Amino acid sequence: MNIFSIKTLEQKLGIFHWNIGFIESSLNMILNSSSYRLPIQWLQHPYRDRFFADPFILKVTDDIIEVLVEEFFYDKWKGNISLLTVSRKNYKLINRKTVLEQETHLSFPYIYKEGNQTYVIPENSQSGSLSIYEYNYNSQILENPQIMIQAPIVDPVIIKVCDLYYLLCTSLDFDKDKDLLLYYSEKLTGPYKPFWEIQ
């Protein structure tokens, strides 16, 4: 008799599907709206073998939106980081390009801009480490990776307060649904130390 884990059953029997929605309103309007029915424009694309999730907007013009996303493939059961170019006229996908692919699952391509440089910090918790990449606008790829921390980090977010960078995240080592972790570093690229060990 074969014994299946819940994850195996989910992969074999269930298909979950995500999509990206755009709201053409200011943050003020969204926060002050009394309606739960905000006008969401859903991404229109032809793919049935994948979904797009975890969007981070890279660039907006009058005509297009460029957004970094997790592109999850059902047959591989893992995600890559892709750049989507979306029409602002009808929210149809104009172009997609893979900007980072690895053997392990990638998601949550968090964008951090400092000076003239754009950095991307994608989740790659299955690898056991977290890396930061430079985004090359000319070639539209992520390059020059540097390891920030050796830990299975989930959904990393960076904020800078005074002279320190703080990494907020969850981890596969903890209950990722409820435990928020905090690390810090004097440099954006790390290395990051647990905040609870601060001297």
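Here are some friendly notes to read beside the structure.

1. Before you start: this is a predicted model, in which local features need pLDDT of at least 70 and side-chain atom pairs count only at pLDDT 80 or more, while totals for chains, interfaces and linings use all residues. Residues are numbered from 1 along each chain as its sequence is written, and side-chain values use heavy atoms, leaving out hydrogens and water.

2. The overall picture. The protein has two helices and 14 strands (DSSP runs numbered from the N terminus: helices are H or I with at least four residues, strands are E with at least two). Of its 199 residues, 42% are buried (buried is under 20% relative accessible area, exposed over 50%, partly exposed in between, with a 1.4 Å probe and protein chains only).

3. Four strands make an open sheet in the order 11-12-13-14, with antiparallel pairing (two strands pair if DSSP finds at least two bridges between them). Strand 11 (153–161) and strand 14 (193–194) are the edges, each pairing on one side only. Strand 13 (residues 181–185) joins strand 14 through two bridges in the antiparallel sense, and Tyr184 stands opposite Lys193 of strand 14.

4. In soluble globular proteins, nonpolar side chains tend to be buried together.

5. A loop residue to look up. Is Asn124 buried or exposed? Asn124 sits in the loop between strand 8 (117–123) and strand 9 (130–136), yet it is buried, at 8% relative accessible area. Not counting residues up to four places away in sequence, Asn124 touches Gln102, Thr104, His105, Leu106 and Ser129 (contact means heavy atoms within 4.5 Å).

6. A nonpolar spot on the surface. Ile23, Ile40 and Trp42 form a nonpolar patch with about 270 Å² of accessible area together. Patch residues have over 30% relative accessible area and no salt bridge; like charges are joined within 9 Å, nonpolar side chains (Val, Leu, Ile, Met, Phe, Trp, Tyr) within 5 Å. A salt bridge is a side-chain nitrogen of Lys or Arg within 4 Å of a carboxyl oxygen of Asp or Glu, and areas come from the Shrake-Rupley method with a 1.4 Å probe, where for residues only the protein chains shown count as cover. Trp42 belongs to strand 2 (residues 40–42) and is partly exposed, at 47% relative accessibility.
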